Amino acid sequence: MAPTSSEKLTVPAIRARKPSGPKLVVVTAYDTTVARLLDEGGADILLVGDSLGMVVQGQQNTLSVTLEQMCYHGRAVARGARRAHVVGDMPFLSFQVSPEKAVEAAGTMLKEGSYEAVKLEGGAVVAEQVRRIVAAGIPVMGHIGLTPQSVHAMGGFRVQGKGEEAAASLLADARALEQAGVYAIVLESIPAPLGQAITQAVQVPTIGIGAGPACDGQVLVCYDMLGMYREFTPRFVKRYAELGGAIVDAVRDYAADVRAGAFPGPEHCFGVTQPPGAGENTGSRAVVDSDPPRYAPASDSDP
Ligand code: KIV
């Protein structure tokens, strides 16, 4: 069911989806322009994932992403999110060291990153951190299963929770997070039956990525679902567009036009005869009064 209201989605509204639905639609975002499009398309939650280390920065994993970078991208995404709730990943080592450091880092994400909530990886071992952050009035989303910040400990990006013992341990992690006060839990790369068992065992919504259809919502990395990250496509990804190919084709056309002298045409030039009704546009600001500005002005000092 598509959203019927343009009201901002709040944490209580997200929690209320657990019993009644509709399922939560979550997608990652890293900048204003894409955030605006995803919001318009009806995403309920925009997750500024530390996956930005891989899909935006080109790193092998998420470990080098900093708190400052998360805040930078958070502000950008918040400017594009009209209805969607915006949550950001707490980067590696911003919360593991101590509950005190975790509260400070989470607070920085809300104060300087414009986030409405934070997400952190781990189960029972980070329950105290979750409790303390929640006690500070900051909503926390949990994340268990494949937790990419533990990539080296896991021996790679591998499916988790296989076998009875591992499954029981993840179930216990989900319960510990629920008790600590999370408002939702991401379940990443676990067997679908375990995704279902955890979803039935906790009262907070589960958001699956490679965790089967029983979860209360689904999340995908936007570059994956839009077909822009083409180096590797995990099994759990469905591509809803092939923007990667469309971009390559568009640049090929542009290159051919530039090389042939076919672009710019008179309609793209200032001071030459214009087609009737065309205004002169500088790019970042409309020159003609009746043209709407192409880009909304940023409200803070980010470049
Ligand atoms: O960093 C990220 O994008 C994530 C999602 C894949 C859940 O954590």
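Which residues in α9 meet which residues in α10? In this predicted model, local features need a pLDDT of at least 70 and side-chain atom pairs count only at pLDDT 80 or more, while totals for chains, interfaces and linings use all residues. Residue numbers start from 1 along each chain as its sequence is written.

On the α9 side, the residues are Ala167, Leu170, Leu171, Ala174 and Arg175, and they meet Leu194, Ala197, Ile198 and Ala201 of α10; contact here requires C-beta atoms, placed from the backbone, to lie within 7 Å. By class, eight nonpolar, no polar and one charged residues make up this contact. In this scheme Ala, Val, Leu, Ile, Met, Phe, Trp, Tyr, Cys and Pro are nonpolar, Asp, Glu, Lys and Arg are charged, and the others, Gly among them, are polar. The axes of α9 and helix α10 (residues 192–201) come within 10 Å and cross at roughly 30°, with axes fitted as lines to C-alpha atoms, for helices over the stretch in contact, and angles running from 0 to 180 degrees between N-to-C directions. The two helices, α9 and α10, are therefore roughly parallel (under 35 degrees; over 145 is roughly antiparallel, 65 to 115 roughly perpendicular and the rest oblique). The crossing of α9 past α10 is right-handed, meaning that the near helix is turned clockwise from the far one by less than a right angle. Helices and strands are DSSP runs numbered from the N terminus, with at least four residues (H or I) for a helix and at least two (E) for a strand.

Within helix α7 (residues 127–135), the buried positions are Ala127, Gln129, Val130, Arg132 and Ile133. A residue is buried if 20 or more other C-beta atoms, placed from the backbone, lie within 10 Å of its own, exposed if 12 or fewer, and partly exposed in between. Just after α7, Gly137 has a positive phi of about 90°.

Strand β3 (residues 85–89) contains Val87, which is buried because 27 C-beta neighbours lie inside 10 Å. Beyond its neighbours within four places in sequence, Val87 contacts Ile45, Leu47, Tyr115, Glu116, Ala117, Val118, Lys119 and Met141. Leu47 turns up again around the ligand, together with Thr28, Gly49, Asp50, Ser51, Asp89, His143, Val186, Glu188, Ile209, Val219 and Val221; each has its C-beta atom, placed from the backbone, within 6 Å. This shell has five nonpolar, four polar and three charged residues.

Ala78, in helix α5 (residues 67–80), is buried, with 20 C-beta neighbours inside 10 Å. Leaving aside neighbours within four places in sequence, Ala78 is in contact with Val86 and Ser114. Ser114 itself sits in the loop between α6 and β4 and has a positive phi, near 60°. With 19 other C-beta atoms within 10 Å, Ser114 is partly exposed.

Some further backbone features deserve a look. Most residues other than glycine have a negative phi, and most peptide bonds are trans. Leu93, in the loop between β3 and α6, has a positive phi near 70°. A cis peptide bond joins Gly21 to Pro22, with omega about -5°, and another joins Phe263 to Pro264, with omega about 0°.

Technical notes
Contact = placed C-beta atoms within 7 Å.
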